[in-house]
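The entries follow in the order in which I looked things up.

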Amino acid sequence: MTADYNPGLDGIVLGPTELSGVDGEAGVLTYRGYPIEELAGTVSYEETVYLLWYGELPTTAELDAFSEKLTANRALPEPLPTLLAELVKSNDDPMDAVRTAVSALTASDPDAGEAAGSRDDTEGAAIRLTAVLPTIIATYVRLRDGDEPVDPRDDLGHAANFLYMLTGEEPEPVVADTLDMALVLHLDHGINASTFSGKVNASTLATVYSSVTGSLAALSGPLHGGANADVMRMLQAVDASDKSPTEWVDDAIARGDRIPGFGHRVYQVKDPRAIVLQERSKALAEAAGETKWYEYSTEIEGYLAEEKGIKPNVDFYSSSMYYVMDIPIDIYTPIFAISRMAGWLAHLFEQYEDNRLIRPLGDYVGEHGKTVTPLDER
Ligand SMILES: CC(=O)SCCNC(=O)CCNC(=O)[C@H](O)C(C)(C)COP(=O)(O)OP(=O)(O)OC[C@H]1O[C@@H](n2cnc3c(N)ncnc32)[C@H](O)[C@@H]1OP(=O)(O)O
Ligand SMILES: O=C([O-])CC(=O)C(=O)O
């Protein structure tokens, strides 16, 4: 076999999608034809999920009915409270706990076995997964910090309710609106690694719970969603050093390190989501009178654009923004998952519409024709 290797599947088109369009040259991201700048800050996360799942923005009645289904599924089902209480004893990384908890949700769904292969069969599980993920994360953080979990409220939106469960206090409107906007921006992004992982799993007709557990695993990596927490850890390392941000980054590049929050497989220009997040990060920093992290970020951006020609991706300015919002660094990636869960599910629905097992080839380059030497003669 003569193979044209493409280990990263760069530029390979898996198939058609009507969900999100990513124009990497122009720096344009659309959800069902709406540019993200049109949606972010204008429509809520719930409206955007509805758009992605059902094709159109909802009417008031449609949104009310959809939101009601989500709020009705926010509470943790058994065995999640017990499982999370155990996981905090041994788990350092919330993403590991979230992945395990989401996988365990299968046990609480009597129809879990049916939750594969068709949109009709999986929509109930999709609502449950989207609704309960914020509760899983907030409960994990509170238990880990030695606090009592806070029950979800059904009079708050997806973003505001998450912040309420995290802190026990109703969030300031500007903080809730900012998170809501961030959730809209992170909802979907073509056939990224975690979405691809979910589609591969779904293509085997594994359950929807299994499929998104694989997506969570892929998202956790530092080359994908895990980068947002690494960005903040980098800014803190810069701050703790005796170097300027550019000197620090220069040294890291010289060591051959990747700078988290920079570069992208598809965007050749600045990620359009980073532009929106940067504006909000700046505004929040100025309002809080804490602009240091934002300033480090812009300095690093300017330097890397000039020296390496690499631009910020979605994970860069979300970090300084979440930091000013007092969100613990190790749940930046789980927050990405809160948003992306509904994006993954939309892609599973699309996969089921015209499913074909996803199965590429490897080019076997090992030896041939070997014979077995008995165990006692090896
Ligand atoms: C939500 C998301 O998943 S967005 C991405 C989040 N991930 C990160 O921020 C992690 C840091 N970024 C990276 O590691 C990469 O940019 C990736 C993995 C996202 C994309 O990588 P690829 O498409 O494989 O780009 P590739 O590795 O071919 O890089 C092209 C060039 O840019 C450089 N480059 C790309 N990103 C970075 C970076 N973050 N830091 C330093 N150099 C970089 C590479 O070294 C390479 O340079 P070279 O041609 O001189 O060797
Ligand atoms: O598209 C990608 O490869 C990564 C990304 O930006 C995302 O998943 O949001």
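Below are my notes on the chain as a whole, then the domains, then the ligand.

Entry 1, whole chain. I am working with a predicted model. I counted 16 helices and 3 strands in the protein chain. Along the principal axes, the C-alpha atoms fill a box of roughly 70 × 55 × 45 Å. I checked the radius of gyration against the rule for a compact globule: 378 residues would give a value near 21 Å, and the chain has 22 Å, so the two agree. Buried residues account for 46% of the 378. I also looked at contacts between residues at least 6 apart in sequence, and 74% of these join residues at least 24 apart.

I find the chain divided into domain 1 (32-223 + 332-353) and domain 2 (226-325). Their centres, taken over C-alpha atoms, are 26 Å apart. Domain 1 puts 15 residues into the contact and domain 2 puts in 19. On the domain 1 side, the elements giving two or more residues are helix H1 (36-39), helix H8 (173-186) and helix H16 (332-353).

Which residues surround ligand 2? I listed His189, Gly190, Asn192, Arg265, Val266, Asn313 and Val314. By class, this shell has 2 nonpolar, 4 polar and 1 charged residues. Domain 1 and domain 2 each supply at least three residues to the shell.

Technical notes. Residues are numbered from 1 along each chain as its sequence is written. Chains are lettered from A and ligands numbered from 1 in the order in which they are written. This is a predicted model: local features need pLDDT of at least 70, side-chain atom pairs count only at pLDDT 80 or more; totals for chains, interfaces and linings use all residues. A residue is near a molecule or strand if its C-beta atom, placed from the backbone, lies within 6 Å of it. Ala, Val, Leu, Ile, Met, Phe, Trp, Tyr, Cys and Pro count as nonpolar, Asp, Glu, Lys and Arg as charged, and the others, Gly among them, as polar. Domain bounds come from an automatic or database domain assignment. Two residues are in contact if their C-beta atoms, placed from the backbone, lie within 7 Å. Helices (H or I, at least four residues) and strands (E, at least two) are DSSP runs, numbered from the N terminus. The radius of gyration is taken over C-alpha atoms; the globule rule is 2.2 Å times the number of residues to the power 0.38. A residue is buried if 20 or more other C-beta atoms lie within 10 Å of its own, exposed if 12 or fewer, and partly exposed in between; C-beta atoms are placed from the backbone.
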